Amino acid sequence: MSNKLTNILVPVISVILGLLVGAIVMLVSGYDPVQGYIALWEGIFGDMFTIGGTIRQITPYILAGLAVAFAFRTGLFNIGVEGQLIMGWLAAAYVGYAFELPAIIHLPLAILAAALAGALWAFIPGLLKAKLQVHEVIVTIMMNYIALHVANAVIQSISDSGEKTPMIHESASLRSTFLDTLTDYSRMHYGIVIALIMVVIMWFILEKTKRGFELKAVGFNQNASEYAGMNVKSNIILAMVISGAFAGLAGAMEALGTFGNITVQAGFTGIGFDGIAVALLGANAPFGVLLGAILFGALKFGSLNMPNVGIPVEIVSIIIALVIFFVASGYIIRVLLERLSKKKEAK
Amino acid sequence: MEYVIEMLGIRKQFGSFVANDNITLQLKKGEIHALLGENGAGKSTLMNVLFGLYQPEAGEIRVNGKKVKISDPNVANDLGIGMVHQHFMLVENFTVTENIILGSEPTKKGIVNIKDAAKKVKALSEKYGLNVDPYAKIEDISVGMQQRVEIIKTLYRGAENIIFDEPTASLTPQEISELIQIMKRLIAEGKSIILITHKLQEIMEVSDRVTVIRKGQGIGTVTTSETTPNQLAELMVGRQVEFKTKKAKANPKEEILKVENLVVTDYRNIEKVKGLNLSIRSGEIVGIAGIDGNGQTELIEAITGLRKVKSGTVSLNNKNITNLKPRDITESGVGHIPQDRHKHGLVLDFPIGHNIALQTYYQSPIATAGVIDYSKISELAQKIMKEYDVRSGHGEVTPARALSGGNQQKAIIGREVDRNPDLLIAALPTRGLDVGAIEFIHQRLIEQRDKGKAVLLISFELDEVMNVSDRIAVIYDGQIIDTVNPNETTEQELGLLMAGQDRKSNNGQVKEGDE
């Protein structure tokens with residue numbers, strides 16, 4: 001079997017297998033899987049509204065996935081995407097409502113603020129890792145909690161109601177009447193364009209630039225990188241900072257697109273953590289992350305429609321998890337395919 | 001039946017690649033039987049067949065005259081075959097005893113019985129003079145000791161026939177001579193040994209017979225006492241090999257490297273280089289001879305900027321380069337073949353082409369305005385791989401990890417020499433390589449010298465130092481204690497110097513033969 005064919009077949013079979021097992025779960029629990037999957041399909045592609053919603057859901061997943069993937073590619077495990085995202089969200093929401101500027105300045109400024117906030121939040125674990133060899137996993141996890149509660153405290157102190165920040169000005173918004181009319185007020189926004197640009201930017205940094213070469217080398221082998229004259233410490237810090245900036249941008253999507261403000265959060269958004277799964281699904285490659293985010297976001301959003309045919313959200317969560325589980329364990333399918341083609345050859 | 005193990009006409013194929021073809025090896029009871037072949041000749045495959053990790057496509061295996069099918073390593077163990085692997089299979093933070101019993105833990109009422117096992121380990125250790133502490137942790141003992149633990153592991157499991165896979169690859173010279181003693185003791189106790197190696201000297205020293213394989217083919221078996229290293233090398237490589245590297249007389253000119261009163265500390269802040277002086281001129285190779293751990297590593301790291309100098313100076317072409325950054329030192333004209341090619345020399349997960357560009361990726365013509373032109377990297381890699389005969393499966397895009405040690409090393413040498421440095425530092429440049437690759441590398445070093453470059457060679461192998469160098473500087477306890485001419489010295493004299501004996505104090509008398 002040719003390599004190309006296997007590469008296409010593996011994810012397709014994975015998704016089918018996941019859906020099959022999901023169907024069994026529905027059957028066993030006494031629900032109609034056909035009805036359930038029709039509802040899922042319609043929840044994703046049913047009409048302009050759901051398509052808009054799906055794209056909106058995918059947008060922050062792309063950026064969170066890029067954040068995790070970028071760190072992975074440079075030898076770091078950034079579990080702090082969640083916290084960096086919250087800080088980015090807060091920064092964008094603040095700049096969005098606190099200033100009154102023309103859109104051409106205001107929107108980029110708010111986006112930049114989000115990226116900077118995320119970068120700054122990731123700079124701390126990067127610095128600690130580079131200078132004191134403190135493991136970034138521990139620091140980033142803790143920074144998540146700090147981010148959550150710091151953000152809540154800031155929101156409470158600057159808002160009148162104590163629950164949420166005022167809405168951002170039109171000039172900082174990613175929403176548009178054009179998209180609203182097109183997608184039947186689905187909350188879809190232009191953030192998807194930014195996310196797609198970032199996919200290309202990550203690819204460009206890693207695969208084309210001198211700095212990307214160094215970041216990857218340091219990620220693989222610090223000793224050899226130092227021997228080759230690279231500055232290991234600054235590369236570690238920079239890798240975290242770039243990863244954090246992607247995460248901050250994911251937050252900007254929520255602030256400037258979906259919600260227009262930031263509300264006191266009872267818990268984590270989950271996007272940052274799902275970003276880990278997205279990155280792994282995409283094999284940490286920029287375009288892979290895009291595909292992973294599409295799968296993840298589509299399932300997440302589309303499944304919201306399944307309770308409409310009587311399937312409880314808990315079952316829906318299990319089905320989503322199964323599909324992703326099978327895609328992630330594509331290795332098993334790869335091995336099975338290889339065995340099958342070997343047997344054929346033997347015959 | 002005089003043979004304890006017979007492998008007759010073994011053939012093993014991987015896809016279309018024939019790793020072993022019609023190889024016959026017969027091990028007599030109580031002999032040390034060497035298995036000789038270049039890297040990649042199929043030695044490990046053959047032994048993995050014997051150990052049950054691979055199944056042969058043709059041929060048969062007999063143990064004590066009986067035909068057997070070794071389907072997995074447990075069967076091999078039951079047949080009394082044990083293997084001491086080149087890369088030890090030990091759990092670092094377990095004790096010696098825990099490692100030895102791992103997988104077949106003796107129990108008393110369901111609880112692992114370490115005490116009795118430790119006693120047994122101690123008894124075995126004493127019987128064979130291995131001097132192993134059953135309660136020491138693996139991470140605390142030397143590489144040589146770890147190897148002895150592997151030996152005891154096979155004995156503990158009742159091995160009668162022990163396979164040693166490249167056992168001396170990571171040992172110091174003393175550890176090697178101790179290992180040879182251990183092997184002889186094992187034989188005296190009635191064990192039989194298969195020794196896999198490509199080091200001819202060891203074969204001549206310990207083995208009774210040698211089976212040679214070349215490119216997967218069994219070439220034949222010879223009796224060691226009836227052969228010579230030259231003959232063995234020819235059998236192994238398939239052509240005449242020059243041991244004594246040919247070179248013209250050195251013609252040293254101006255001073256390139258000058259090290260003065262250098263003091264360097266190691267990671268624990270203990271002084272390892274203690275006021276060292278060294279000078280190398282263009283057109284000469286200076287070899288540093290010394291026992292591992294006498295400051296060689298720290299000296300190289302200090303010259304190349306990888307380690308901070310505590311005091312003293314390093315100058316290159318009369319320019320002070322002390323404590324500059326590694327890249328500044330590299331750019332001022334230093335090439336460095338590092339002693340650990342996996343740790344420092346290569347990014348193993350990068351393609352070999354990227355590795356070849358590891359010192360030049362940021363310069364023109366590869367990089368312009370921060371963007372790399374990867375086609376330029378490919379060009380450079382292809383050029384160097386052709387020039388230095390670096391062989392890989394898929395050209396320059398092959399991951400460095402997938403290349404053999406010899407080819408990895410040739411790529412590193414190509415990378416360093418291609419930049420045309422005034423000073424080339426070669427640290428253990430032939431470690432773990434076979435004679436063909438060693439010959440190639442030595443010629444390249446001499447070529448650099450003849451081009452008027454300065455070469456600093458660090459090696460633990462005395463014959464390498466004596467063969468290649470124009471001057472030998474002996475390092476002992478962080479200082480160069482003497483400099484000798486390789487043509488006027490002997491291994492014995494060097495050995496004494498390396499052990500810290502002063503040549504001048506007894507030189508005259510030794511020559512007279514009294515004292």
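The centres of domain 1 and domain 2 of chain A, taken over C-alpha atoms, are 31 Å apart in this predicted model. Domain 1 of chain A is made of two stretches, 1-31 and 311-347, while domain 2 covers 48-297. Confidence in chain A averages a pLDDT of 90, and 97% of the residues score at least 70. Within the chain, helix H4 (residues 81-98) of chain A has the highest confidence, at 96, whereas helix H15 (residues 330-346) of chain A has the lowest, at a mean of 72. A word of caution for reading any model of this kind: where pLDDT is low, the predicted coordinates should not be read in detail.

**Where chain B meets chain A**

Let us turn to the contact between the chains. Chain B brings 26 residues to it and chain A brings 19 residues. Together the two chains bury about 2,000 Å², with 62% of that area on carbon and sulfur atoms.

Several elements of chain B each give at least two residues to the side that touches chain A, namely helix H10 (326-331), helix H11 (341-345), strand S20 (371-372), helix H13 (374-387) and helix H14 (405-418). H11(B) has the largest share of that side, with 4 residues. By type, the residues on the side of chain B that touches chain A are 14 nonpolar, 7 polar and 5 charged.

The rule finds 1 salt bridge across the interface of chain B and chain A. It joins the side chains of Arg327(B) and Glu214(A), at 3.9 Å from N to O.

**Inside chain B: domain 1 against domain 2**

A second contact lies within chain B, where domain 1 gives 14 residues and domain 2 gives 11 residues. The area buried between these two domains of chain B is about 950 Å², and carbon and sulfur atoms account for 57% of it. On the domain 1 side, Asn39(B), Pro173(B) and His198(B) lose the most area to domain 2 of chain B, together 32% of what that side buries.

How many residue pairs are in polar contact between domain 1 of chain B and domain 2 of chain B, with both at pLDDT 80 or more? The count is 0. Helix H6 (173-188), helix H7 (200-206) and helix H8 (229-237) of chain B each supply at least two residues of the domain 1 side. H8(B) provides the largest share of that side, 5 residues. The residues of domain 1 of chain B that touch domain 2 of chain B are 6 nonpolar, 6 polar and 2 charged.

The rule also finds 1 salt bridge between domain 1 of chain B and domain 2 of chain B, and it pairs Lys199(B) with Glu461(B).

| Salt bridge | N to O distance |
|---|---|
| Arg327(B) and Glu214(A) | 3.9 Å |
| Lys199(B) and Glu461(B) | 4.0 Å |

Technical notes:
Residues numbered from 1 in each chain as written. Chains lettered and ligands numbered in written order. Heavy atoms only, no water. Contact = heavy atoms within 4.5 Å. Buried area = accessible area lost by both parts, 1.4 Å probe. Nonpolar A, V, L, I, M, F, W, Y, C, P; charged D, E, K, R; others polar. pLDDT = per-residue confidence, 0-100. Domains from an automatic or database assignment. Polar contact = N/O pair within 3.5 Å; in protein donor to acceptor, adjacent residues only side chain to side chain.
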